[in-house]
Amino acid sequence: MKNKGLQNNFVYKSGGHCTVPSEADKAKCYAVDLISMKCECAVSERGNLCKHIEFAKMMCKEQGIDIDGIRKELASSLTEQHCYEWDGKHLIVHCAGSFGVVHVQNQQCTCLANSLGEICV
């Protein structure tokens, strides 16, 4: 994507949200959320890691945007706001209309970001 000059149309907004241009349709852009690791494209909507997310990660890294730091800030905020439930074994974290379940004993989370190998909120 970068070799096609698409980095010129990449827009980082805030809070891990950005806009990534389509390779196929110059008039189309995809909204990418690097915190939840979601994109509006069909590949991502099926729960897969898409090229738009990878491109956004690369562009943020080049621009010095610390996505992991933003995730950690969000995690602190969710903790302060008590956006979680505890059932004795699992921590259920609610964030932006979604949730993740953390099995505390083995520290595994069910969120999409974690399943895609990213540090989760």
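Mentor: Start with one term. Buried means under 20% relative accessible area, exposed means over 50%, and partly exposed lies in between, with a 1.4 Å probe and protein chains only.

Trainee: What share of the residues in the protein chain is buried?

Mentor: Buried residues make up 31% of the 121 residues.

Trainee: What should I know about the model itself?

Mentor: This is a predicted model: local features need pLDDT of at least 70, side-chain atom pairs count only at pLDDT 80 or more, and totals for chains, interfaces and linings use all residues. Residues are numbered from 1 along each chain as its sequence is written, and side-chain values use heavy atoms, with hydrogens and water left out.

Trainee: OK. How many helices and strands does the protein chain have?

Mentor: Four helices and eight strands. Helices (H or I, at least four residues) and strands (E, at least two) are DSSP runs, numbered from the N terminus.

Trainee: What pattern do they follow along the sequence?

Mentor: The pattern reads β-β-β-β-α-α-α-β-β-β-β-α. The C-alpha trace spans about 50 × 30 × 20 Å along its principal axes.

Trainee: Let's pick a helix. What about helix 2?

Mentor: Helix 2 covers residues 51–62, so it has 12 residues. From first C-alpha to last, helix 2 reaches 16 Å, close to the 16 Å expected at 1.5 Å a residue. That expected span is 1.5 Å times one less than the number of residues.

Trainee: Which residues in helix 2 are buried?

Mentor: His52, Ile53, Phe55, Ala56, Met59 and Cys60. Seen down the axis of helix 2, the buried residues fall within an arc of 160 degrees, so they line one face of the helix. The arc is that of the directions from the helix axis to the C-beta atoms.

Trainee: Why can residues spaced out along a helix point the same way?

Mentor: An α-helix has 3.6 residues a turn, so residues three or four places apart point the same way.

Trainee: What covers the buried residues of helix 2?

Mentor: The cover includes strand 1 (11–14), strand 2 (17–21), strand 3, strand 4, helix 1 (42–45) and helix 3. After helix 2 comes Gly64, with a positive phi near 75 degrees.

Trainee: Which phi does Met37 have?

Mentor: Met37 has a positive phi of about 60 degrees, although it is not a glycine. Met37 sits in the loop between strand 3 (29–33) and strand 4 (38–39).

Trainee: And His82, where is that?

Mentor: His82 is in the loop between helix 3 (67–80) and strand 5. The phi of His82 is positive too, about 55 degrees, and His82 is not a glycine.

Trainee: Is Met37 buried or exposed?

Mentor: Met37 is buried, because its relative accessibility is 1%. His82 is exposed, with a relative accessible area of 57%.

Trainee: New topic. Where is Ile92, and what does it touch?

Mentor: Ile92 is in strand 6 (residues 90–95). Leaving out residues up to four places away in sequence, Ile92 touches Cys83, Tyr84, Glu85, Phe99, Gly100 and Val101. Contact means heavy atoms within 4.5 Å. At 17% relative accessibility, Ile92 counts as buried.

Trainee: How far apart are Ile92 and Val102?

Mentor: They are 10 residues apart in sequence and 6.3 Å apart in space, C-alpha to C-alpha.

Trainee: What does Trp86 touch?

Mentor: Trp86, in strand 5 (residues 84–86), touches Leu91 and Val104, not counting residues up to four places away in sequence.
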